[in-house]
Amino acid sequence: MATKEERPQVLENREEPKEEGELPLVVVLRSKNFNLPLEDRLQSHFHLLDPNDSPDESTESFLSRHAHSARALLCVGLTPLTADTIGLLPSLELVVGSSAGVEHIDLHECRRRGIMVTSASAAFSEDAADYAVALLIDVLRRIAAADRFVRGRLWPVKGEHPLGFKLGGKRVGIVGLGNIGSQIAKRLVAFGCSIAYNSRKKKPSVPFPYYANVGDLAANSDVLIVSCALTEDTHHIINKDVMTALGKEGVIINVGRGPLVDEKELVQFLVRGEIGGAGLDVFENEPDVPKELFKLDNVVLSPHCAVVTLESFAALQDLVMANLKAFFSNKPLVSLVQNE
Ligand SMILES: O=CC(=O)O
């Protein structure tokens, strides 16, 4: 479990609650019926403007009427924040993301308008990394398959469950060595794996071998773990050529975003036995999962929940609060996204 010191910096709440009229305005953008436990704590510090509180009015009309002077917006979960919505907020200076990935936020428009964006990956990275390692161990050691074997009463009938593979000694290629990728590397080093990575740029302070080309990384890895941001450049970064380079015994773990992997190709490679297995927390058309995968015991499936723990949600609240408080007191933001 994360120690208090390792969690994102938390600003202490020492102020007295203020009257609503004096509180800084924060627009809350969230899909209907989607709630994160964020608003209760924020309410005593900020005047929250949530279009869902006026169900008879469109979001556009609500924002045009009430949010003209709002300088900050909290984007809840993966709710899309489009250029059109940003256009309704002429005073906007800050978008606080509450997810690790920020591809649902129009970063081009934010850059053009000089709007800062923060992400929540610092709150989620340890849990996402634990989950990536758990998926990998599950695929290699066939834990979910073994569970099905026992529950299906196959043990007395078939006797032995098929052999798994050892984690220690595997060559793991990490695609995206950001907050989450670095935490994955830290854990897998402790398991005795060797690490190499691909990212946009070589990281000077990182001791692991860097591959500028994902195909070369795959050719030199037993396992690929995908944990990079989804952008135009990384869409289908794991394609047919990369899967071919990874080879028949290779394993793919995806805790990033579904579209980072060419899912149709992945299904074909798995069905034809041209790669060794996969552990997938994310899919191209969630919540739809290709049905061919349901039959495969070397594939572990998970419903996009790598980051979701009680503790990470508490850390998320701290991080959102810290970013908003820093912004409204002209201090440096805690988890600014480099939006170049
Ligand atoms: O996938 C979850 C997130 O980006 O927070």
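Colleague: Which residues does UniProt give for the domain "D-isomer specific 2-hydroxyacid dehydrogenase NAD-binding"?

Modeller: The unreviewed UniProt entry places that domain at residues 133-306; such positions are in the numbering used here, feature names are shortened, and annotations may be inferred rather than shown by experiment. Residues are numbered from 1 along each chain as its sequence is written. This is a predicted model, in which local features need pLDDT of at least 70 and side-chain atom pairs count only at pLDDT 80 or more, while totals for chains, interfaces and linings use all residues, and side-chain values use heavy atoms, with hydrogens and water left out.

Colleague: Why is Arg-257 called buried?

Modeller: Buried means under 20% relative accessible area, exposed over 50% and partly exposed in between, with a 1.4 Å probe and protein chains only; Arg-257 has 12% relative accessibility, and therefore counts as buried.

Colleague: What makes a polar contact between the side chains of Arg-257 and Glu-103?

Modeller: The term requires a pair of N or O atoms within 3.5 Å, and within protein one must be able to donate a hydrogen and the other to accept it, while residues adjacent in sequence count only if both atoms are side-chain atoms. The Arg-257 and Glu-103 side chains make such a contact at 2.6 Å.

Colleague: Which side chains have an N or O atom 2.7 Å or 2.6 Å from an oxygen atom of the ligand?

Modeller: For Arg-257 the distance is 2.7 Å, and for His-304 it is 2.6 Å.
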